[in-house]
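Opening the notebook on this one.

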Amino acid sequence: MRSYLPSYDLRAAASLEEALRLLAESPGGWRPFAGGTDLMVLFEAGALSHRRFLSIWGLRELRGIEVTGEAITLGALTTYTDVLRHEVLRREFPLLCRAAAETGGVATQNRGTLGGNIANASPAADTPPALLVYDASLELISVRGVRVVAYDRFHTGYKQMDLAPDELIRAVRLPRGRAGWMQSYRKVGTRRAQAISKLCFAGALDVVGGRVRDARLAFASVAATVVRARQAEAVVQGQVPGSELARRAVDALASDIAPIDDLRSSARYRLRVAQNLLGGFVAG
């Protein structure tokens, strides 16, 4: 059953300063509302329990993509469409672009934001595996100042984050330097489009002289949070890609992930698909 609209408050912040002030004055009272692609699903289902929202959609301070020699910084309100249209992202960060293309339909891509996808904290989200592979960091802002958190330490449990009630995600920073790496992104869902993932995989291998010099392997929908497969990464480090290494990496993966049974899939299916995707990637 749809929620009753008059029982909700939505206030539009005129500036980032105003938004931060309101969040500080009533921690947990106002909650940020960006593109709304996740919140409106809950609203339509009558399951949106919080009642006071602060729209940050119009804040220019949270928009824009800045490119430097060392990194590319994306404002939290960067949409999936913005990602797909950006030349440097398409060339150097193909996994993030693939994730953006796999997220919903065109309407969702036009409205959904990178910061919102992160703050929603779903372990089945599409962009986080790519962000983990690219060693992303988050710039968090409040009236108390700015702090930077490595993305691989941001999600602390199911729907839990290192984000205070008075903080906003201001930007996502991606260090450059992955060009030339072997890279793969796969989303497995019930349908080819507009489906929540049963499992999502992103991987990147820096192969130099026939051996893996560095590895980044990440999965969604296999644990309480999106995870780096660090045991599998350790196995492939310094080794020659191939079927034997793939077998060893697949064996190690059981220590990295903890799939569950739910409405979308079974733990057994998720584990098998994760093993297949990882094995195929490492085998080359």
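Started with the strand pairing: β5 and strand β10 (residues 168-175) run antiparallel, joined by five bridges. I take helices (H or I, at least four residues) and strands (E, at least two) as DSSP runs numbered from the N terminus, and I call two strands paired if DSSP finds at least two bridges between them. Looked up I72 and found L174 as its bridge partner in β10.

Caveats for myself: this is a predicted model, where local features need pLDDT of at least 70 and side-chain atom pairs count only at pLDDT 80 or more, while totals for chains, interfaces and linings use all residues. Residues are numbered from 1 along each chain as its sequence is written, and side-chain values use heavy atoms, with hydrogens and water left out.

Next, the other partner. Strand β4 (residues 65-67) pairs with β5 through three bridges, also antiparallel, and the two make a hairpin with three residues between them. E66 sits opposite T73 of β5.

Is β5 (residues 71-75) enclosed or open? Four of its five residues are buried, so the rest of the structure largely encloses it. Buried here means under 20% relative accessible area (1.4 Å probe, protein chains only).

Then I checked helix α11 (residues 267-283). Its 17 residues should span 24 Å at 1.5 Å a residue, and the end C-alpha atoms are 24 Å apart, so that agrees; the expected span is 1.5 Å times one less than the number of residues. Its buried residues include R270, Q275 and F281. They pack against β11 (182-188), β12 (199-208), β13 (211-220), α9 (230-236) and α10 (243-253), with contact meaning heavy atoms within 4.5 Å. Just past α11, I noted G284 with a positive phi of about 85°.

How values were computed
Buried means under 20% relative accessible area, exposed over 50%, partly exposed in between (1.4 Å probe, protein chains only).
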